[in-house]
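Here are a few worked exercises to go through with the model open in your viewer. Try each task before reading its solution.

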Amino acid sequence: MPKIASARVIVTSPGRNFVTLKVVCDDGTTGVGDATLNGRELAVASYLADHVVPCLIGRDAHRIEDIWQYLYKGAYWRRGPVTMAAIAAVDMALWDIKGKVAGLPVYQLLGGASRAGCMVYGHANGETIADTIAAALDYQGQGYKAIRLQCGVPGMASTYGVSKDKYFYEPADAELPTENLWSTAKYLRVVPELFAAAREALGWDVHLLHDVHHRLTPIEAARLGKDLEPYRPFWIEDATPAEDQEAFRLIRQHTTTPLAVGEIFSSIWDCKALIENRLIDYIRATVLHAGGITHMRQIASLADLYHVRTGCHGATDLSPVTMAAALHLGLAIPNFGIQEYMRHSDDTDAVFPHGYRFADGMLHPGDAPGLGVDIDERLAAAHPYRRAYLPVNRLEDGTMWSW
Ligand code: EZ4
Ligand code: CO
(Lines give C-alpha, C1' and ligand atoms only; values in the text may rest on other atoms or scores of the structure.)
(Ligands and ions follow the chains in the order given, each with its own letter.)
Protein backbone atom coordinates (compact mmCIF):
# COMPACT_ATOMS: atom_id res chain seq x y z
CA MET A 1 0.00 0.00 0.00
CA PRO A 2 1.39 3.44 -0.91
CA LYS A 3 2.12 5.51 2.18
CA ILE A 4 2.04 9.29 2.05
CA ALA A 5 5.67 10.42 2.32
CA SER A 6 5.24 14.17 1.81
CA ALA A 7 2.85 16.78 0.51
CA ARG A 8 3.53 20.30 -0.69
CA VAL A 9 1.37 23.32 -1.36
CA ILE A 10 2.12 25.15 -4.61
CA VAL A 11 0.84 28.71 -5.06
CA THR A 12 1.12 30.04 -8.59
CA SER A 13 -0.41 32.78 -10.71
CA PRO A 14 -0.32 31.91 -14.43
CA GLY A 15 -2.79 34.70 -15.30
CA ARG A 16 -4.71 34.15 -12.04
CA ASN A 17 -3.97 32.59 -8.66
CA PHE A 18 -4.19 28.86 -8.00
CA VAL A 19 -3.38 26.79 -4.91
CA THR A 20 -2.43 23.17 -5.64
CA LEU A 21 -1.61 20.31 -3.31
CA LYS A 22 0.83 17.68 -4.50
CA VAL A 23 0.90 14.47 -2.47
CA VAL A 24 3.93 12.17 -2.84
CA CYS A 25 3.90 8.51 -1.77
CA ASP A 26 6.83 6.39 -0.61
CA ASP A 27 6.71 4.42 -3.90
CA GLY A 28 7.06 7.66 -5.87
CA THR A 29 3.41 7.87 -6.95
CA THR A 30 2.10 11.46 -6.88
CA GLY A 31 -1.36 12.98 -6.89
CA VAL A 32 -2.64 16.53 -7.36
CA GLY A 33 -5.54 18.39 -5.78
CA ASP A 34 -6.95 21.90 -6.28
CA ALA A 35 -7.36 24.13 -3.20
CA THR A 36 -8.08 27.49 -4.85
CA LEU A 37 -10.48 29.83 -3.02
CA ASN A 38 -10.80 32.94 -5.16
CA GLY A 39 -9.58 36.09 -3.37
CA ARG A 40 -8.75 34.14 -0.16
CA GLU A 41 -6.10 31.78 -1.57
CA LEU A 42 -3.47 32.04 1.16
CA ALA A 43 -5.93 31.10 3.91
CA VAL A 44 -6.36 27.65 2.35
CA ALA A 45 -2.64 27.36 1.58
CA SER A 46 -1.91 27.94 5.27
CA TYR A 47 -4.70 25.62 6.43
CA LEU A 48 -3.18 22.88 4.31
CA ALA A 49 0.50 23.46 4.94
CA ASP A 50 0.27 24.34 8.63
CA HIS A 51 -2.59 22.13 9.79
CA VAL A 52 -3.40 19.32 7.34
CA VAL A 53 -0.14 18.14 5.77
CA PRO A 54 1.48 17.19 9.12
CA CYS A 55 -1.47 14.83 9.78
CA LEU A 56 -1.12 13.09 6.41
CA ILE A 57 2.44 11.83 6.65
CA GLY A 58 2.70 8.06 6.99
CA ARG A 59 -0.99 7.39 6.19
CA ASP A 60 -2.13 4.74 3.73
CA ALA A 61 -2.99 6.76 0.60
CA HIS A 62 -5.64 4.20 -0.41
CA ARG A 63 -7.84 4.98 2.61
CA ILE A 64 -9.62 7.91 0.95
CA GLU A 65 -12.85 7.72 2.93
CA ASP A 66 -11.10 7.31 6.26
CA ILE A 67 -8.77 10.26 5.57
CA TRP A 68 -11.79 12.36 4.53
CA GLN A 69 -13.59 11.55 7.78
CA TYR A 70 -10.38 12.12 9.76
CA LEU A 71 -9.93 15.61 8.31
CA TYR A 72 -13.64 16.49 8.59
CA LYS A 73 -14.55 15.10 12.00
CA GLY A 74 -11.05 15.29 13.39
CA ALA A 75 -10.72 19.05 13.03
CA TYR A 76 -13.61 19.60 15.45
CA TRP A 77 -14.40 22.80 13.44
CA ARG A 78 -16.58 21.66 10.55
CA ARG A 79 -17.59 22.91 7.11
CA GLY A 80 -16.79 26.35 5.69
CA PRO A 81 -15.07 27.16 2.40
CA VAL A 82 -11.48 27.16 3.73
CA THR A 83 -11.75 23.80 5.48
CA MET A 84 -13.70 22.10 2.72
CA ALA A 85 -11.42 23.33 -0.08
CA ALA A 86 -8.44 21.95 1.86
CA ILE A 87 -10.14 18.57 2.39
CA ALA A 88 -11.12 18.58 -1.29
CA ALA A 89 -7.51 19.04 -2.37
CA VAL A 90 -6.40 16.04 -0.31
CA ASP A 91 -9.34 13.98 -1.61
CA MET A 92 -8.65 14.78 -5.29
CA ALA A 93 -4.97 13.94 -4.85
CA LEU A 94 -5.80 10.58 -3.25
CA TRP A 95 -8.23 9.64 -6.04
CA ASP A 96 -5.50 10.61 -8.52
CA ILE A 97 -3.07 8.30 -6.70
CA LYS A 98 -5.54 5.42 -6.49
CA GLY A 99 -6.20 5.68 -10.22
CA LYS A 100 -2.50 5.69 -11.03
CA VAL A 101 -1.85 2.67 -8.82
CA ALA A 102 -4.81 0.82 -10.40
CA GLY A 103 -3.79 1.92 -13.91
CA LEU A 104 -7.31 3.29 -14.48
CA PRO A 105 -8.86 6.70 -15.06
CA VAL A 106 -10.77 7.83 -11.98
CA TYR A 107 -14.17 7.59 -13.71
CA GLN A 108 -13.62 3.83 -13.98
CA LEU A 109 -13.11 3.62 -10.21
CA LEU A 110 -16.39 5.52 -9.75
CA GLY A 111 -18.38 2.93 -11.69
CA GLY A 112 -17.43 3.61 -15.30
CA ALA A 113 -18.87 5.90 -17.94
CA SER A 114 -22.61 6.53 -17.90
CA ARG A 115 -22.48 8.69 -21.04
CA ALA A 116 -20.30 9.62 -24.01
CA GLY A 117 -19.07 12.82 -22.41
CA CYS A 118 -20.08 15.74 -20.20
CA MET A 119 -22.17 18.42 -21.91
CA VAL A 120 -20.66 21.82 -21.16
CA TYR A 121 -21.83 25.40 -21.46
CA GLY A 122 -19.68 28.25 -22.66
CA HIS A 123 -19.90 31.90 -21.64
CA ALA A 124 -21.18 34.40 -24.19
CA ASN A 125 -20.96 37.96 -22.94
CA GLY A 126 -20.87 41.47 -24.33
CA GLU A 127 -21.58 45.09 -23.50
CA THR A 128 -24.65 45.05 -25.74
CA ILE A 129 -27.24 42.44 -26.65
CA ALA A 130 -25.83 42.37 -30.18
CA ASP A 131 -22.29 41.70 -28.86
CA THR A 132 -23.56 38.85 -26.68
CA ILE A 133 -25.49 37.30 -29.56
CA ALA A 134 -22.38 37.49 -31.76
CA ALA A 135 -20.37 35.69 -29.08
CA ALA A 136 -23.12 33.08 -28.68
CA LEU A 137 -23.19 32.44 -32.44
CA ASP A 138 -19.44 31.88 -32.27
CA TYR A 139 -19.91 29.23 -29.54
CA GLN A 140 -22.73 27.63 -31.50
CA GLY A 141 -20.40 27.42 -34.49
CA GLN A 142 -17.85 25.61 -32.34
CA GLY A 143 -20.39 22.93 -31.51
CA TYR A 144 -21.52 24.06 -28.05
CA LYS A 145 -24.95 22.69 -27.16
CA ALA A 146 -25.40 25.11 -24.26
CA ILE A 147 -24.44 28.76 -23.81
CA ARG A 148 -24.64 31.16 -20.88
CA LEU A 149 -25.76 34.66 -21.86
CA GLN A 150 -24.74 37.82 -19.97
CA CYS A 151 -24.87 41.37 -21.28
CA GLY A 152 -24.22 44.88 -20.02
CA VAL A 153 -27.08 46.77 -18.37
CA PRO A 154 -27.78 50.07 -20.17
CA GLY A 155 -27.00 52.92 -17.82
CA MET A 156 -24.62 50.88 -15.66
CA ALA A 157 -20.84 51.22 -16.01
CA SER A 158 -20.13 47.54 -15.38
CA THR A 159 -22.08 44.31 -15.07
CA TYR A 160 -21.30 40.89 -13.63
CA GLY A 161 -20.22 38.45 -16.33
CA VAL A 162 -19.26 41.02 -18.96
CA SER A 163 -15.61 41.31 -19.91
CA LYS A 164 -13.53 42.98 -22.56
CA ASP A 165 -12.04 39.70 -23.73
CA LYS A 166 -14.25 37.50 -25.87
CA TYR A 167 -13.44 34.20 -24.15
CA PHE A 168 -11.96 34.99 -20.75
CA TYR A 169 -13.96 36.56 -17.95
CA GLU A 170 -11.78 37.13 -14.94
CA PRO A 171 -13.56 38.99 -12.15
CA ALA A 172 -10.73 38.83 -9.58
CA ASP A 173 -8.94 41.69 -11.23
CA ALA A 174 -7.60 44.11 -8.62
CA GLU A 175 -5.16 44.47 -5.71
CA LEU A 176 -8.05 45.87 -3.70
CA PRO A 177 -11.72 45.15 -4.47
CA THR A 178 -13.17 47.13 -7.38
CA GLU A 179 -16.48 48.88 -6.56
CA ASN A 180 -19.34 48.11 -8.94
CA LEU A 181 -22.81 49.69 -9.07
CA TRP A 182 -26.05 47.79 -9.42
CA SER A 183 -29.66 48.60 -10.39
CA THR A 184 -32.17 45.77 -10.22
CA ALA A 185 -34.81 47.73 -12.16
CA LYS A 186 -32.48 48.37 -15.10
CA TYR A 187 -31.24 44.77 -15.06
CA LEU A 188 -34.73 43.23 -15.04
CA ARG A 189 -35.60 45.13 -18.21
CA VAL A 190 -32.64 43.97 -20.27
CA VAL A 191 -32.47 40.21 -19.59
CA PRO A 192 -35.79 39.25 -21.29
CA GLU A 193 -34.75 41.35 -24.31
CA LEU A 194 -31.46 39.46 -24.42
CA PHE A 195 -33.23 36.09 -24.37
CA ALA A 196 -35.75 37.13 -27.02
CA ALA A 197 -32.92 38.24 -29.32
CA ALA A 198 -31.00 35.04 -28.59
CA ARG A 199 -33.89 32.73 -29.56
CA GLU A 200 -34.36 34.77 -32.72
CA ALA A 201 -30.68 34.45 -33.69
CA LEU A 202 -29.75 31.01 -32.31
CA GLY A 203 -32.99 29.08 -32.69
CA TRP A 204 -34.37 26.56 -30.22
CA ASP A 205 -31.88 23.70 -30.47
CA VAL A 206 -29.37 25.22 -28.07
CA HIS A 207 -29.67 25.48 -24.28
CA LEU A 208 -29.52 29.02 -22.94
CA LEU A 209 -28.45 29.80 -19.38
CA HIS A 210 -28.16 32.92 -17.26
CA ASP A 211 -26.40 33.77 -13.98
CA VAL A 212 -28.17 36.31 -11.74
CA HIS A 213 -25.24 36.15 -9.31
CA HIS A 214 -27.16 36.47 -6.02
CA ARG A 215 -28.61 39.94 -6.74
CA LEU A 216 -32.40 39.69 -6.65
CA THR A 217 -34.98 39.48 -3.90
CA PRO A 218 -37.26 36.42 -4.06
CA ILE A 219 -40.16 38.27 -5.67
CA GLU A 220 -37.85 39.91 -8.22
CA ALA A 221 -36.40 36.49 -9.06
CA ALA A 222 -39.94 35.17 -9.50
CA ARG A 223 -40.62 38.04 -11.94
CA LEU A 224 -37.48 37.26 -13.93
CA GLY A 225 -38.30 33.55 -14.03
CA LYS A 226 -41.77 34.31 -15.43
CA ASP A 227 -40.46 36.83 -17.95
CA LEU A 228 -37.94 34.29 -19.29
CA GLU A 229 -40.38 31.37 -19.52
CA PRO A 230 -41.32 32.03 -23.18
CA TYR A 231 -37.64 31.54 -24.13
CA ARG A 232 -37.30 28.22 -22.22
CA PRO A 233 -34.03 28.87 -20.38
CA PHE A 234 -32.09 25.80 -19.25
CA TRP A 235 -31.77 27.53 -15.88
CA ILE A 236 -31.39 30.77 -14.02
CA GLU A 237 -28.52 30.55 -11.56
CA ASP A 238 -28.12 32.01 -8.07
CA ALA A 239 -31.35 34.01 -8.39
CA THR A 240 -31.15 35.07 -4.74
CA PRO A 241 -28.44 34.68 -2.08
CA ALA A 242 -28.92 31.05 -1.03
CA GLU A 243 -28.29 31.36 2.69
CA ASP A 244 -32.01 32.25 2.75
CA GLN A 245 -33.20 28.90 1.45
CA GLU A 246 -36.91 29.51 2.11
CA ALA A 247 -36.70 32.22 -0.57
CA PHE A 248 -36.60 29.52 -3.22
CA ARG A 249 -40.06 28.34 -2.21
CA LEU A 250 -41.46 31.72 -3.18
CA ILE A 251 -39.64 31.75 -6.52
CA ARG A 252 -40.82 28.18 -7.20
CA GLN A 253 -44.46 29.10 -6.60
CA HIS A 254 -44.34 31.60 -9.44
CA THR A 255 -42.26 30.11 -12.23
CA THR A 256 -41.42 26.93 -14.11
CA THR A 257 -38.03 28.31 -15.13
CA PRO A 258 -35.50 25.79 -13.75
CA LEU A 259 -33.38 26.98 -10.84
CA ALA A 260 -29.70 26.29 -10.22
CA VAL A 261 -27.78 27.17 -7.10
CA GLY A 262 -24.80 26.14 -5.00
CA GLU A 263 -21.47 27.33 -6.38
CA ILE A 264 -20.56 28.79 -2.99
CA PHE A 265 -21.89 25.81 -0.99
CA SER A 266 -19.28 23.89 0.96
CA SER A 267 -21.13 20.81 2.18
CA ILE A 268 -24.11 18.51 1.69
CA TRP A 269 -25.76 20.33 4.60
CA ASP A 270 -25.98 23.49 2.47
CA CYS A 271 -27.74 21.48 -0.27
CA LYS A 272 -30.00 19.22 1.78
CA ALA A 273 -33.10 21.37 2.37
CA LEU A 274 -33.12 22.82 -1.15
CA ILE A 275 -32.93 19.33 -2.65
CA GLU A 276 -35.32 17.55 -0.29
CA ASN A 277 -37.95 20.26 -0.59
CA ARG A 278 -37.63 20.16 -4.39
CA LEU A 279 -36.81 23.85 -4.55
CA ILE A 280 -34.05 23.56 -7.17
CA ASP A 281 -33.38 21.63 -10.38
CA TYR A 282 -29.58 21.77 -10.59
CA ILE A 283 -26.99 21.68 -7.83
CA ARG A 284 -23.89 23.72 -8.61
CA ALA A 285 -21.59 22.65 -5.78
CA THR A 286 -18.16 21.53 -6.98
CA VAL A 287 -15.57 18.95 -6.06
CA LEU A 288 -13.29 21.84 -5.08
CA HIS A 289 -15.48 23.91 -2.76
CA ALA A 290 -17.59 21.02 -1.48
CA GLY A 291 -15.08 18.57 -0.09
CA GLY A 292 -13.73 16.71 -3.10
CA ILE A 293 -14.92 13.80 -5.23
CA THR A 294 -15.90 11.81 -2.13
CA HIS A 295 -18.29 14.46 -0.79
CA MET A 296 -19.57 15.73 -4.15
CA ARG A 297 -20.52 12.17 -5.06
CA GLN A 298 -22.61 12.02 -1.90
CA ILE A 299 -24.31 15.31 -2.79
CA ALA A 300 -25.06 14.00 -6.29
CA SER A 301 -26.51 10.78 -4.83
CA LEU A 302 -28.84 12.74 -2.55
CA ALA A 303 -29.84 14.97 -5.48
CA ASP A 304 -30.61 11.95 -7.66
CA LEU A 305 -33.41 10.87 -5.32
CA TYR A 306 -35.21 14.15 -6.04
CA HIS A 307 -34.63 14.48 -9.80
CA VAL A 308 -32.02 17.17 -9.19
CA ARG A 309 -29.08 16.97 -11.57
CA THR A 310 -25.57 18.35 -11.27
CA GLY A 311 -24.45 21.56 -12.94
CA CYS A 312 -21.05 22.00 -11.35
CA HIS A 313 -19.33 25.35 -11.12
CA GLY A 314 -16.45 25.58 -13.58
CA ALA A 315 -15.22 29.17 -13.70
CA THR A 316 -11.57 30.03 -14.32
CA ASP A 317 -10.78 30.14 -10.59
CA LEU A 318 -11.30 26.36 -10.46
CA SER A 319 -8.05 24.97 -11.79
CA PRO A 320 -7.70 22.31 -14.51
CA VAL A 321 -7.28 19.83 -11.62
CA THR A 322 -10.85 20.54 -10.50
CA MET A 323 -12.08 20.42 -14.10
CA ALA A 324 -10.54 16.97 -14.53
CA ALA A 325 -12.02 15.73 -11.22
CA ALA A 326 -15.45 17.14 -12.11
CA LEU A 327 -15.37 15.41 -15.50
CA HIS A 328 -14.49 12.02 -14.03
CA LEU A 329 -17.35 12.34 -11.55
CA GLY A 330 -19.72 13.80 -14.15
CA LEU A 331 -19.01 10.99 -16.60
CA ALA A 332 -19.79 8.34 -13.99
CA ILE A 333 -22.82 9.49 -11.97
CA PRO A 334 -26.38 8.79 -13.13
CA ASN A 335 -27.68 12.36 -12.63
CA PHE A 336 -25.07 14.48 -14.38
CA GLY A 337 -26.75 17.56 -15.85
CA ILE A 338 -24.25 19.96 -17.35
CA GLN A 339 -20.74 21.26 -16.60
CA GLU A 340 -19.73 24.92 -16.73
CA TYR A 341 -16.69 25.42 -18.96
CA MET A 342 -14.94 28.76 -18.90
CA ARG A 343 -11.76 28.10 -20.77
CA HIS A 344 -8.46 28.77 -18.99
CA SER A 345 -5.75 30.98 -20.44
CA ASP A 346 -2.84 29.44 -22.36
CA ASP A 347 -0.53 30.23 -19.42
CA THR A 348 -2.81 28.31 -17.04
CA ASP A 349 -3.12 25.37 -19.43
CA ALA A 350 0.68 25.24 -19.73
CA VAL A 351 1.16 25.07 -15.94
CA PHE A 352 -1.49 22.33 -15.67
CA PRO A 353 -0.97 19.85 -18.54
CA HIS A 354 -4.18 17.85 -18.84
CA GLY A 355 -5.87 15.17 -20.90
CA TYR A 356 -9.49 16.36 -21.02
CA ARG A 357 -10.71 17.26 -24.48
CA PHE A 358 -13.63 19.18 -26.00
CA ALA A 359 -15.57 17.67 -28.89
CA ASP A 360 -19.17 17.94 -30.06
CA GLY A 361 -20.26 20.20 -27.20
CA MET A 362 -18.88 17.84 -24.56
CA LEU A 363 -15.75 17.42 -22.48
CA HIS A 364 -14.26 13.98 -21.89
CA PRO A 365 -11.70 13.46 -19.09
CA GLY A 366 -9.51 11.12 -21.15
CA ASP A 367 -8.21 7.67 -20.25
CA ALA A 368 -4.89 8.37 -18.54
CA PRO A 369 -4.63 6.64 -15.15
CA GLY A 370 -5.77 8.88 -12.28
CA LEU A 371 -7.19 12.33 -12.97
CA GLY A 372 -5.11 12.87 -16.11
CA VAL A 373 -3.79 16.25 -15.00
CA ASP A 374 -0.54 17.43 -13.43
CA ILE A 375 1.24 20.61 -12.39
CA ASP A 376 4.50 21.71 -14.02
CA GLU A 377 6.22 23.01 -10.89
CA ARG A 378 9.11 24.63 -12.71
CA LEU A 379 6.72 26.65 -14.85
CA ALA A 380 4.49 27.36 -11.83
CA ALA A 381 7.46 28.93 -10.02
CA ALA A 382 7.79 31.47 -12.83
CA HIS A 383 4.33 32.88 -11.95
CA PRO A 384 4.44 34.22 -8.38
CA TYR A 385 1.26 34.91 -6.36
CA ARG A 386 -0.33 38.31 -6.83
CA ARG A 387 -3.05 39.47 -4.46
CA ALA A 388 -6.31 39.74 -6.39
CA TYR A 389 -9.83 40.41 -5.14
CA LEU A 390 -13.29 39.90 -6.54
CA PRO A 391 -15.27 43.15 -6.88
CA VAL A 392 -17.83 44.40 -4.37
CA ASN A 393 -21.21 45.76 -5.36
CA ARG A 394 -23.33 48.73 -4.24
CA LEU A 395 -26.74 50.07 -5.18
CA GLU A 396 -26.70 53.45 -6.90
CA ASP A 397 -27.30 55.23 -3.58
CA GLY A 398 -24.24 53.54 -2.05
CA THR A 399 -25.96 50.69 -0.19
CA MET A 400 -23.76 47.60 0.04
CA TRP A 401 -25.21 44.76 -2.05
CA SER A 402 -24.30 41.21 -3.05
CA TRP A 403 -21.77 41.01 -5.86
O1 EZ4 B 1 -18.26 34.64 -9.76
O2 EZ4 B 1 -16.08 31.85 -9.92
O3 EZ4 B 1 -20.92 30.89 -12.56
N4 EZ4 B 1 -19.87 31.41 -12.35
C5 EZ4 B 1 -19.66 32.37 -11.47
C6 EZ4 B 1 -18.23 32.83 -11.32
C7 EZ4 B 1 -17.93 33.30 -9.90
C8 EZ4 B 1 -16.47 33.15 -9.60
C9 EZ4 B 1 -16.19 33.45 -8.14
O10 EZ4 B 1 -14.96 32.99 -7.75
O11 EZ4 B 1 -20.56 32.84 -10.81
O12 EZ4 B 1 -17.95 33.83 -12.25
CO1 CO C 1 -22.30 31.63 -10.98
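**Exercise 1.** Find the partner of Glu396 in a salt bridge, and work out which parts of the chain the pair ties together.

*Solution.* Start with the definition: a salt bridge needs a side-chain nitrogen of Lys or Arg within 4 Å of a carboxyl oxygen of Asp or Glu. Glu396 pairs up with Lys186, and their closest N and O atoms are 2.7 Å apart. (Helices are DSSP runs of H or I with at least four residues, strands are runs of E with at least two, and both are numbered from the N terminus.) Last, check accessibility, where buried means under 20% relative accessible area, exposed over 50% and partly exposed in between, using a 1.4 Å probe and protein chains only. Glu396 is partly exposed at 46%, and Lys186 is partly exposed at 24%.

A word on the ground rules: this is a predicted model, so local features need pLDDT of at least 70 and side-chain atom pairs count only at pLDDT 80 or more, while totals for chains, interfaces and linings use all residues. Residues are numbered from 1 along each chain as its sequence is written, chains are lettered from A and ligands numbered from 1 in the order written, and side-chain values use heavy atoms, leaving out hydrogens and water.

**Exercise 2.** Where do Arg79 and Asp270 lie, and is each buried or partly exposed?

*Solution.* The closest N and O atoms of this salt bridge are 3.0 Å apart. Arg79 is in the loop between helix 2 (64–73) and helix 3 (81–102), and Asp270 is in helix 9 (residues 268–276), 191 residues apart. Arg79 comes out partly exposed at 33%, whereas Asp270 is buried at 18%.

**Exercise 3.** How far apart in the chain are Arg223 and Asp227?

*Solution.* Both lie in helix 7, four residues apart, which is about one turn of the helix.

**Exercise 4.** Compare His214 and Asp360, two non-glycine residues with positive phi.

*Solution.* Take the angles to begin with: phi is near 65° for His214 and near 55° for Asp360. Then the burial: His214 is buried at 11%, but Asp360 is exposed at 52%. As for location, Asp360 is in the loop between strand 13 (357–359) and strand 14 (362–364).
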